[in-house]
Amino acid sequence: MANVKKFNLSPSKVKDFMQCPLMYKFKVVDQLSSPPGIDALRGTHTHAVLEELFKLKSADRTVENAYGLIEYVWPIIMKKNATYYSEVPEVSQIENDAEFREKYHSEIRGCIDNYFKLENPAKLNMVTAQEKWVQTDLDDKAKLGGFIDRVEESDVAGVRISDYKTGKTPTGQFSTKDLFQMMFYSLIWAKEHKGDIPKQVKLLYLKDGGVIADQPNQKKLDEVEANIKEIWAKIQDAQENNEWTSCQSKLCDYCNFKPICPEFGGSGDPKDYALAQVSAEPQAGAAQKRKLTTGEKKEG
Ligand code: SF4
């Protein structure tokens, strides 16, 4: 068989399809870009600080040094993601308005303070990888893949996979959705490490200092694999028939495709997306500023 590139199924793609197949279609099939916001930027920035923190010697992993890394990682983020983050309207304010920058930095310091309440990084000496890309085959058409924030490996304690979230600790079905992401990674890890199942998965919520942890086992991984296969079959079915259900929920308020969504009077035509974005720009800017003030939206 010719070397056909396999479709890459990630936790966020699965999550998107589960939330709303039409939203998934706009994102993945039509490849409409979602403009980044300041919440995504703050999330990336906080992750970069923690990643650099773990590159320091154990004794140097202090709160003060973490604060210092906020300024240090900024040019690295901007260089690495220049095109992507150039679309965030607040980037120039962060760079040129000292008061705005201080407010933005204070929110990251808040996440760092909460992080240090949850863990003492000076004592975590088994970190073997950060921002690690992992992947495995689901079937002959698809592979599972994703980035793991942090992996710890020890002969005694086994493998632990951790993920930082810069939003609030979720409850109910939302905590289940976040844990699904961690079981997804655990499944990939086990498949790629001769069945060695991670002993623990841990989600650290840096907005309010919450933790959700679980212990994967074969039964849980079998369930998650069956779940992913079922969703993958539905995705293929929707693609073959070009039938994408729309599912209205409170989350529609955060959906970038609302202006073209038929549920809200839109045409459903991806070609209208650029036009809708241009006409919505002033409101989008105002909404982003509100989010910075209240810090209400969660980012991973
Ligand atoms: S606005 Fe709601 S229903 Fe429409 S595509 Fe987005 S998530 Fe789906």
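I counted 10 helices and 6 strands in the chain, taking helices (H or I, at least four residues) and strands (E, at least two) as DSSP runs numbered from the N terminus. The radius of gyration is 20 Å, close to the 19 Å of the globule rule for 300 residues, so the chain is as compact as a globular protein of that length; the radius is taken over C-alpha atoms, and the rule is 2.2 Å times the number of residues to the power 0.38.

I note that this is a predicted model, in which local features need pLDDT of at least 70, side-chain atom pairs count only at pLDDT 80 or more, and totals for chains, interfaces and linings use all residues. Residues are numbered from 1 along each chain as its sequence is written.

I looked up burial next. Buried residues (20 or more other C-beta atoms within 10 Å of their own, C-beta atoms being placed from the backbone) make up 28% of the 300 residues. In helix 2 (residues 21-29), I found Leu-22, Met-23, Tyr-24, Lys-25, Phe-26 and Lys-27 buried. Helix 1 (11-19) is included in what covers them. Just after helix 2, I recorded a positive phi of about 55° at Gln-31.

I then turned to the domains, whose bounds come from an automatic or database domain assignment: domain 1 (7-32 + 126-241) and domain 2 (38-123). Their C-alpha centres lie 24 Å apart. I found 12 residues of domain 1 in contact with 12 residues of domain 2, contact meaning C-beta atoms, placed from the backbone, within 7 Å. On the domain 1 side, strand 2 (residues 127-137) gives the most, with 3 residues.

Note on methods. Buried ≥ 20, exposed ≤ 12 C-beta atoms within 10 Å, placed from the backbone. Contact = placed C-beta atoms within 7 Å.
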